[in-house]
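Subject: Structure for you to look at, with notes

Dear colleague,

I am passing on the structure below, and my notes on it follow. Please read them with the coordinates open beside you.

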Amino acid sequence: SIQSVKAREILDSRGNPTIEVEVWTNEGMFSAKVPSGASTGIHEAYELRDGDKSRYFGFGVLKAVCNVNNLISPILKGMRVDNQKAIDDKMIELDGTKNKSKLGANAIVGVSMAVARAAASIKGIPLYRYISELAGNSNIRLPVPCFNVINGGKHAGNRLPFQEFMLVPHGAPNFKEALRYGSEVYHSLKEIIKERYGIDATNVGDEGGFAPSLSSPDEALTLLVDAINHSGYEGVIKIAVDSAASEFWNPKDSQSYDLDFKNTSSSHSINSLNNGEQLLSKYVEILKKYPIAFFEDPFGEDDWENHSKITAEIGMKIQIIGDDLLCTNPERIKKAIAEKTVNSLLLKINQIGTLTETIEAAKLAKDAGWGCLVSHRSGETDDHFIADLVVGLGTGEIKSGAPCRFERLAKYNRLMKIEEELEKAHRANGNLFEFAGDDFYHF
Ligand code: PGA
Ligand code: ZN
C-alpha cells in the first residue's frame, strides 16, 4: 500500500517546468513524469502553472507540486496501488472541479501514472500487461508508429500552417522494421531538404521533425513523397497530416481559417483566408494527390459542423481523428460518436488527467468501431509510459514525433524492447501477439 506520494519540479524537452511524481510503497518507489502540450485544446483538463512571473516567466509548477505533497499524498496514504479506479476517483473527488483546475491535471495525472507503474511492478508483470488487464483487452499488439518528420504550426518557426506531417509505415512486417523504415526516410528527407533549401533548413522543431522554411502544405507533402520513393518505400509508407486547425481558426467567425497565420510581417492576403468549404476542398484535393492515412484536427476545436462534413465525404476512406475537438474527454467523444463528427480518437492521458478516464475514452472509441491513436505531447520527458499504454490497449497506432531526439525515441525504443519480449514469450509458450500493420485502420 501507499506510504506517501512526492512530487518535484523538473524541466521538459522544451526547457519548461513540469512534474515528476514518486509513489512510495512498502515494496519500493515508482515514478512518472508529466508531458505538456503547446497547441493545447481549450477543452483539456487544466494544467496548473504558478503564474509567478519572477520564476520561469510564470510557468513554474510549484503549486501543483505542493498539491501532490500536501493534499493528494495524505488522502492516498494506506490505499492499495492495484485499485487504480479507486485512487483516480479519490483524486477527482478531492479536486471537485469539472476540469481538475483545483489540484491541476498535471499533478493528478503524474500520480495516476506512477500508481499504475507501482501496481504492475508489485504484481510482477510488465506495465503493458497490467494496462491490458485494466482495460479488459486481450488483443495485445504492437502499434504502427506515426513519425512527425516535418514540423509546422505552433511547433516550428516557419510559415507552414499545418502542424505535423507524418510518415506511417503501415506495410512494415513488425515494429522494429517500421522504425527502421521511418529512420531511413527521415535521413533521406534531410538530404533532400539540404539540396533544395540549404543546410540551415535542416534544423529541427519541437518534435524532432525538420522545420524548413516552407509555406504551403503541398511543398511539405511533395518532400515526403520524394523521400519515401527515394528510400524505396512506395506503397509501404503512407502520409498523415495533423493540421491542429484550432491554431488558425477564428471561433468568432467559425467559417474563417487563416492559413497564413504565422506571417506577422505583412497584412494577411485574402488568399490565406479560407472558409470551411474551401478548406474541405483542400483536404479532398490532398487526399486525391497523396497517399494519405489520416487527417487529424482538420477543423477548429468547436467546429463540429465542418468535421461532420469531412467525415461524411472522405471518412469511409481514411481516419478523421479528433484531438483538440475531443480532448480525450468521454463526454465529447460520446457526442462525436452520436453525431458521426469524426471516426477516430487521439488519446492523450494528460488531456483528461487520469489513467482510468483515458482507458474509458479508448473503450468508447473501440466500441464505436473508431481508430484510436495514442499520442505524446510536444513537450515531453524521457518517460515512456505511452509505449506500454498503446500495447496494453491494443489500439494499433502511436505518434511520438520524429525518430530523432531522445524524448521521442524513449517511446519507440521501449516499443522495440516490448516487441522483443513478446517474441521471446511467443517462442517459449506460443503466446500470440501481432504488429497492427495494415489493420491499424478499419476501413
Ligand atoms: P501538443 O501537440 O502536444 O502541442 O498539443 C500535439 C498534437 O496536436 O497532436
Ligand atoms: Zn493534434
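Which residues does Phe59 touch, not counting residues up to four places away in sequence? They are Pro17 and Arg49, where contact means heavy atoms within 4.5 Å.

Before the rest, some conventions. This is a predicted model, in which local features need pLDDT of at least 70 and side-chain atom pairs count only at pLDDT 80 or more, while totals for chains, interfaces and linings use all residues. Residues are numbered from 1 along each chain as its sequence is written, chains are lettered from A and ligands numbered from 1 in the order in which they are written, and side-chain values use heavy atoms, with hydrogens and water left out.

To stay with Phe59 for a moment, this residue is found in the loop between β3 and α1, helices (H or I, at least four residues) and strands (E, at least two) being DSSP runs numbered from the N terminus. Phe59 is partly exposed, with a relative accessible area of 41%; here buried means under 20% relative accessible area, exposed over 50%, and partly exposed in between, with a 1.4 Å probe and protein chains only.

Strand β2 (residues 17–25) pairs with β3 in the antiparallel sense over 6 bridges, and Trp24 stands opposite Met29 in β3.

The barrel

A closed barrel of 8 strands with mixed pairing runs β5-β6-β7-β11-β12-β13-β14-β15, and its neighbouring strands are turned by 25° against each other on average, direction ignored. Strand β11 (residues 292–296) is mostly covered, with 5 of its 5 residues buried. This strand runs parallel to β7, to which 4 bridges join it, and Ala240 stands opposite Phe294 in β11. Parallel pairing also joins β11 to β12, through 3 bridges, and the bridge partner of Phe294 in β12 is Gln319. Together, β11, helix α8 (residues 304–314) and β12 make a right-handed β-α-β unit, a crossover being right-handed if, with the strands pointing away from the viewer, the path from the first strand over the helix to the second runs clockwise. Helix α5 (residues 175–197) lies across β5 (144–151) and β6 (164–168) and runs at about 15° to β5.

The zinc site

Asp242 (OD), Glu296 (OE) and Asp323 (OD) coordinate the zinc ion (ligand 2) at 2.1 to 2.2 Å; donors are N, O and S atoms within 2.8 Å of the metal (3.2 Å for Na, K and Ca), and since water is not among the atoms, sites may look incomplete. Asp242 lies in strand β7 (residues 238–242) and Asp323 in the loop between β12 (319–322) and α9 (330–339), so that the pair, 81 residues apart, links distant parts of the chain. Asp242 is buried, with a relative accessible area of 1%, and Asp323 is buried too, at 2%.

Cysteines

A search of the whole structure finds 0 disulfides, a disulfide being a pair of cysteine sulfur atoms within 2.5 Å. For Cys372, the nearest cysteine sulfur is that of Cys146, 12 Å away, and Cys372 is buried, with a relative accessible area of 5%.

With best wishes

Technical notes:
Two strands pair if DSSP finds at least two bridges between them. Axes are lines fitted to C-alpha atoms, for helices over the stretch in contact, and angles run from 0 to 180 degrees between N-to-C directions.
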